[in-house]
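Have your viewer open and follow along.

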Amino acid sequence: MSGATQTNLGTVKERAGLALNNDFLRKAVKFTTERLRTGKEKAAADHGNWDEWRERGRQIRLHTIAHLDYYLNLFVENARANGVHIHFAETAAEAVEISLAIAKQVEARTVVKSKSMVTEELHLNHALESIDVEAIETDLGEYIIQLAGEAPSHIIIPAIHKNRYQIAELLSADAGETLAPDTQILAGFVRRKLREKFLEADIGMTGCNFAIAETGSMVLFENEGNARMVSTVPKTQITLMGMERIIPSFEDLEVMATLLPRSATGQKLTVYMSGISGPRREVDADGPDEMHIIIVDNGRSLQLGDPEFQELLNCIRCGACLNACPVYRHIGGHAYGGTYSGPIGAVLTPALKKNIAEWDDIANASSLCGACYEACPVKIPLHEMLVYLRRRKLEAGRGDKLEAIGMKGFAAVMKNSKRFGAVLKIGKLGQKLVVRDGGIRSKIGPLKGWNSYRVTPSLPSESFREKWPTMEQEIRHGLQEMDPAVKSRMEAIVRERQSGGNGGKGNGGHGHHG
Amino acid sequence: MATAVKETGDTGIMANKEARQQWLAEQTAKSKEKQVSFINSISSKLGRARPTAAPAHPFRGAPDFWREFEWPIDERAEKFMENFRAVGGHSLRLGSMEEAKQFIVDKAAEMSAKYIIRQNQPELAEMDLEFALSEAKVSVWNSDPEEQWKARAAEADFGVVVVDHAAAYTGSLTVLSSKDKGRSVSLLPTVLMAIIPIERLRTRLGEVLVEFDRAGREQLPAGIHFISGPSRSADIENDLTIGVHGPGVVYAIIVG
């Protein structure tokens, strides 16, 4: 997918303005995130002992990252012994350079790709096009947004922001005939079209969900089968892998396989989970002849040894924090402006770029409510990291002066609960002067810096603390508001699925990514 | 003339291949050199020397309470079928391979399957689907080195496999690749028929996964694939679509 369309559209505030004005996007994002979140909660509850699994997942990730030098080296040695060509890329540019060199060596004309967030990070499709290699996204949602020339807006459901009519239009143009806006027809067209592409492509390109150090295997989770296609049919396979994707063993994979699909889509397991250990064996009649793994740093190692951000490397890219985040659910993925959106993106994007200055405003696109932490299957304290990020931004002198004063005041007030109570009372009176439509929009007085960025809800007649159980309810169980037509159509789909024989109860997000 | 062209062609390919091998060798040398600085840089950021021995890993694998969990065999079969059906797959339990054969033959007739591809496994050879399905073209994976096997799998209506493992708790099949077992056979056909000898059915995913640790790197096949139902997507307006790239119809037949 072309990455170029996704950045530099001004600030998060401006991009959010665009996103919030797009009615369908907002509703679709809400519906989908709620469906995924409910699915996740049910799957976690059905499985039981969820917190013990989360803790185990966290421990495995903490242990691996704390010994990343050992485990990554072990993985490299074992993968090489399996016949894989390993490459190291410190920067995005290096990773692109290596990919292009391989494509040139095999005289590739087409590359079929399964979902990979790393390749999004590298804007690899554009680079391939620049040397006249066609890069085809094969995941249904990714294929759709590639046709649209857009970036994914959700880590698990990339085309979350498109409705079936828009999709039918895109695919009709691709087909050269009019396709009805019917899911089965549209997906059927993509299946036929991509079948040919899989069979004629020179290179299959994948991401990597996990890499097993002790056996040198790379593991992919997906639902459609396209990752299996691209790693089975073409003669050359290239896997782009973040350097932190490592886990020690297949035993550890059981924990990740328990946490990842449930957290992403509420599935017990994705339809396909593949462990690939090298190119095809001499006697095999399928699988790639040649396999490359490019191990990418691109800012990841900057988190190592940083007590506040090292745990970012524990992320297993499930998207649960997006679905839990009240801000993401309102503004959608594109507003974040980076490869990764939602709470994880708000922290990861500046962390990887190490230029907090340029990306500082996304740290503010969060209500710091902690729902992301609670949703995280490996317990990354994202809400705390967002605060660290804001603090670092202030320390770097890039902060909004008014907000800095606001935060100091906030800290002073919060240290003393009596004072907090008193301030609330003053606020309740004071706001009468500035409340309009239930929100405070004026940019005067103590809320000026804060309100330059967001509309503060008016202080309720009950205090925040009194109201917390209700708010928590809303944060956990969703805000109820949706266009009746869209809602009824989507509900009909759910009903049909529940009663129909072909769907069952599982949420069918497509694969994860790597 | 024709011979001359062919020779030039071969020489060209040979030269290409040599240049390619040389390029790969250069890349390997470069990669090994870079590995040292790449890994050392991680150690230095972690603020310590690079460990030489495996670190103690006290949290390896699933929590202890989970490892003791096991369903009795009949319940295991029931749960497997329940989970497999819940995601849109078909599942049933039959008493013998003979019954399984009859089931596949009947389905092939019912669905008018014309092209069938099966793994080259002894259990399937014994079934002799080739004879029972004389109306259809039945191919045996990798039984002829001249054949285009990926194309044969891509055109097939049915792919028939005997699985290596299965796990009831997640409703998953596991298939391993080998000379006689193509990855394409469980992936490219429209319908997948998977036979699970009941003694290969475990309760937990971990019981299957730990086998790969025990076997060790050298014993692993190129492809290990867990399959839990038909290919699916919800990418268009959250509307569930079955059979997007992989088989849209999957039968998991427990035998025994």
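Leaving aside its neighbours within four places in sequence, which residues is A:H383 in contact with? Counting contact as heavy atoms within 4.5 Å, the answer is A:L368, A:G370, A:C372 and A:Y373. A:H383 sits in helix α18 (residues 382-395) of chain A; helices here are DSSP runs of H or I with at least four residues, strands are E runs of at least two, and both are numbered from the N terminus. A:A371 is 12 residues away from A:H383 in sequence, with 8.1 Å between the C-alpha atoms.

Some housekeeping before going further. This is a predicted model, in which local features need pLDDT of at least 70 and side-chain atom pairs count only at pLDDT 80 or more, while totals for chains, interfaces and linings use all residues. Residues are numbered from 1 along each chain as its sequence is written, chains are lettered from A and ligands numbered from 1 in the order in which they are written, and side-chain values use heavy atoms, with hydrogens and water left out.

Now for the charges. A salt bridge means a side-chain nitrogen of Lys or Arg within 4 Å of a carboxyl oxygen of Asp or Glu, and the whole structure has 41 of them over all chains. One pairs A:R54 with A:D51 at 3.1 Å, N to O. Both residues belong to helix α3 (residues 50-66) of chain A, three residues apart, or about one turn of the helix.

Seven salt bridges cross the interface of chain B and chain A. B:K34 makes a salt bridge with A:E94, where the closest N and O atoms are 2.1 Å apart. The contact involves 129 residues from chain A and 95 from chain B. Together the two chains bury about 9300 Å², 55% of it on carbon and sulfur atoms; buried area is the accessible area (1.4 Å probe) lost on putting the two parts together, summed over both. On the chain B side, B:D235, B:E237 and B:H245 supply 9% of the area buried against chain A, more than any other three residues.

Grid points are joined across faces, edges and corners, and a volume is the space filled by probe spheres set on the points.

The second largest pocket has a volume of about 1300 Å³. Of its 39 lining residues, the closest to the centre are A:K235, A:T236, A:R280, A:D289 and B:R20. The largest share of that lining, eight residues, comes from α1(B).

The largest cavity has a volume of about 110 Å³. Among its 15 lining residues, A:C315, A:C318, A:G319, A:C321 and A:C376 are closest to the centre.

Conventions: On a 1 Å grid over the protein atoms alone, a cavity is a set of points where a 1.4 Å probe fits but cannot get out, and a pocket is an open set with protein on both sides within 12 Å along at least five of seven lines; lining residues have an atom within 4 Å of a point.
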